[in-house]
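Subject: Structure for your files

Hello,

Here is the structure I said I would pass on. The sequence and coordinates come first, and my notes follow.

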Amino acid sequence: HEDNKALYITLQNSAIVQLLLDLTSSPSTQHTGPTAIESNHCYENSALVYNFLHDFFINNDGLSKLVCWQTFKLSQIEGVVNGVPSLHVACKFTTNMLQQSSLQKQLFAVCLLSHLAVQYPIQQTLQACNEMLQWQYLRQVNSPLCGLCCL
């Protein structure tokens with residue numbers, strides 16, 4: 001019973017995070033683009049959301065991993081990485097995301113790790129980048145197409 005309750009709460013928290021991330025998307029730009037006021041409100045909303053998410057991830061162990069595994073818009077990655085310092089732990093599991101069959105998850109992992117490496121050029125992040133490059137190299141070398149290019 002307690003396990004089900006904890007799972008339900010985690011899923012609710014994940015849904016909350018995904019909805020909040022949608023708030024950080026830029027305002028709808030019609031043909032003229034956003035006004036200065038809309039851009040300013042969007043920036044303020046994003047800053048509030050990012051501050052909340054930073055604390056939320058710290059206080060809810062594993063939530064950042066779940067949200068990253070669910071993925072979000074690629075266009076949001078840079079802002080989230082820059083605005084949510086607690087997301088630096090994502091470099092621990094991005095290489096695991098590459099092993100998924102979903103190309104969407106693989107692309108998300110590469111984009112996420114690239115932004116993490118720029119924002120946090122620390123040993124742990126650089127090691128994750130190295131692992132990702134090695135994985136990509138091995139994937140290409142072991143590809144059946146590799147033999148075709150060497151004929």
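From the N terminus on, the order of elements in the protein chain is α-α-α-α-α-α-α-α. That comes to eight helices and zero strands. Please keep in mind that this is a predicted model.

On the chain as a whole, 30% of the 151 residues count as buried. The protein chain exposes about 9,800 Å², and carbon and sulfur atoms supply 59% of that area. Among the contacts in the protein chain with a separation of 6 or more, 71% are between residues 24 or more positions apart.

I looked at one helix pair in detail. Helix α1 covers residues 2-23 and helix α3 covers residues 63-70. Their axes come within 10 Å and cross at roughly 60°.

Which residues make the contact between α1 and α3? On the α1 side they are T10, N13, S14, V17, Q18 and L21. On the α3 side they are L63, L66, V67 and Q70. Sorted by class, the contact has five nonpolar and five polar residues, and no charged ones.

If you open the model, the α1 and α3 pair is the part these notes describe residue by residue.

Regards

Methods
Residues numbered from 1 in each chain as written. Predicted model: local features only at pLDDT ≥ 70, side-chain atom pairs only at ≥ 80, totals over all residues. Heavy atoms only, no water. Axes fitted to C-alpha atoms, helices over the stretch in contact; angles between N-to-C directions. Helix = DSSP H or I, 4+ residues; strand = E, 2+ residues; numbered from the N terminus. Contact = heavy atoms within 4.5 Å. Nonpolar A, V, L, I, M, F, W, Y, C, P; charged D, E, K, R; others polar. Buried < 20%, exposed > 50% of the residue type's maximum accessible area, 1.4 Å probe, protein only. Areas by Shrake-Rupley, 256 points an atom, 1.4 Å probe, with all protein chains shown as cover.
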